[in-house]
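Open the model in your viewer and keep the selection tool at hand. The stops below are meant to be taken in order.

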Amino acid sequence: KIDRDMLLLTTDADALNEVIPGVTDAFDALRATNNDGIYTSNGAYYNHTVFGRDAALSGRFVCDFDHDLARDIIIRLARLQGYKYRQRNQEEPGRIHHEWRDFRTWKGRPMERLSVAFAGLLWGAHDHRLLTYYASDSTAEYIRLVEKYARRVDRSLLEATYVAKNGRTLTVLDSLVDAANWLVGKVDDHGRFMTTRSDFSLPYQTLQDSVTAYAWSDGRPVNFHRPHSFLNTQAAGADALEQLSKLLAGQHPSARRYQDTAHAMRRALLNDYWDMSQQTFTSVLSERRGVLQQLDVPN
């Protein structure tokens, strides 16, 4: 019913614009050129830029009513997927990117261009392009997007081919497995997805990425140089691997491994992230005084 209603709404632009004036034009303005998927903002710092996490989240929404755009998003993210290790931008094999920007098409005023150019120097911009992999949750959200599309729209997408960054021709299934293997490789023996921050990136690489987003009750910031684990990434990772294991059950040798890891992550989520004193989930596990512990501030 939801899919049918969404399809009816989006095929009647006049009726939809009566409810939300200008919404279809705004949506069309976010479509990326050259089948690159979607730009998730036309703001000064973010226009003509493909953010991996944001594109994956948007793709999961729009695949209910715009199958072609969702497919374009998937192929674009797959084409930018990491295939080697680079410390500067934290590229790793299988990791889905955080930010892709072409300075020749990005539109910014002089001060905005100056600040982004400085960031580009820190983050390894090359040939007028910037590509980083800092976000901890882009990969899980990509897996969730591909799984939803394959399950609800068209499973043959898994056999679709594209040319990867290293020039190899791969299938979306290849990309999906590489992404899942990267995610599994970040899960420790206790079922916790652990991440660290590059010296060059924003401190906290998750959906809530403000520099003041995570601090202890005494005001000290969470130590992003040591392994830490965000609640939303833990939950998204568990869901991604669980759904992927069902999608590939009986068809791929790693399906059982993904399921086992998903179950371990779920157990850790309920055991290690639940704050009994606050009766809520902690937003992050972080090292303090050499011990990994729950952040003592409700978020």
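Is Leu121 buried or exposed? Select Leu121 and show its surface: with a relative accessible area of 66%, Leu121 is exposed, because the cut-off for that word is over 50%. Keep in mind throughout that this is a predicted model.

**Stop 1**

Leu121 belongs to helix α6, which covers residues 110-123. Together with Leu121 they make a nonpolar surface patch of about 320 Å².

**Stop 1: helix α8 and its partners**

Two packed helices are described by the angle between their axes and the distance between the axes. Select helix α8 (residues 172-185) and helix α9 (residues 231-247) and draw them as cartoons. Their axes are 11 Å apart and the packing angle is about 135°. That angle makes α8 oblique to α9. The crossing of α8 past α9 is left-handed.

How far apart are the axes of α8 and α10? The distance is 11 Å, and the two helices pack at an angle of about 40°. α8 and α10 are therefore oblique to each other, and α8 passes α10 in a left-handed crossing.

While α8 is on screen, pick out Trp182, which is found in this helix. Trp182 counts as buried, since its relative accessibility is 7% and the limit for buried is under 20%. To get a sense of scale, select Val222 as well and draw a distance between the two C-alpha atoms. Trp182 and Val222 are 40 residues apart along the chain, and their C-alpha atoms are separated by 24 Å.

**Stop 2: salt bridges across the chain**

Side chains of opposite charge can pair when their charged atoms come close. How many salt bridges does a search of the whole structure find? The search gives 27, and a few of them are worth a visit.

Are Asp137 and Arg53 buried or exposed? Both are buried.

Go on to Lys186 and Glu92, whose side chains meet in a salt bridge of 3.2 Å, N to O. The C-alpha atoms of Lys186 and Ser136 are separated by 10.0 Å, and the two residues are 50 residues apart along the chain.

**Stop 4**

With a relative accessible area of 56%, Arg256 is exposed; Asp260, at 40%, counts as partly exposed.

**Stop 3: a network, and two positive phi values**

Select Asp102, Arg104, Asp127 and Arg129 together. These residues are linked in a network of salt bridges. Asp127 is a residue other than glycine, yet its phi is positive, near 55°. Asp127 lies in the loop between α6 and β3 and counts as partly exposed, with 47% relative accessibility.

What is the phi of Gln90? Phi is positive, about 60°, although Gln90 is not a glycine. Gln90 lies in the loop between α5 and β2. Its relative accessible area is 13%, so Gln90 is buried.

Definitions and conventions
Residues numbered from 1 in each chain as written. Predicted model: local features only at pLDDT ≥ 70, side-chain atom pairs only at ≥ 80, totals over all residues. Heavy atoms only, no water. Patch = residues over 30% accessible without salt bridge, like charges linked within 9 Å, V, L, I, M, F, W, Y side chains within 5 Å. Areas by Shrake-Rupley, 256 points an atom, 1.4 Å probe, with all protein chains shown as cover. Salt bridge = Lys/Arg side-chain N within 4 Å of Asp/Glu carboxyl O. Helix = DSSP H or I, 4+ residues; strand = E, 2+ residues; numbered from the N terminus. Buried < 20%, exposed > 50% of the residue type's maximum accessible area, 1.4 Å probe, protein only. Axes fitted to C-alpha atoms, helices over the stretch in contact; angles between N-to-C directions. Parallel < 35°, antiparallel > 145°, perpendicular 65-115°, else oblique. Left-handed = near helix turned anticlockwise from the far one by under 90°.
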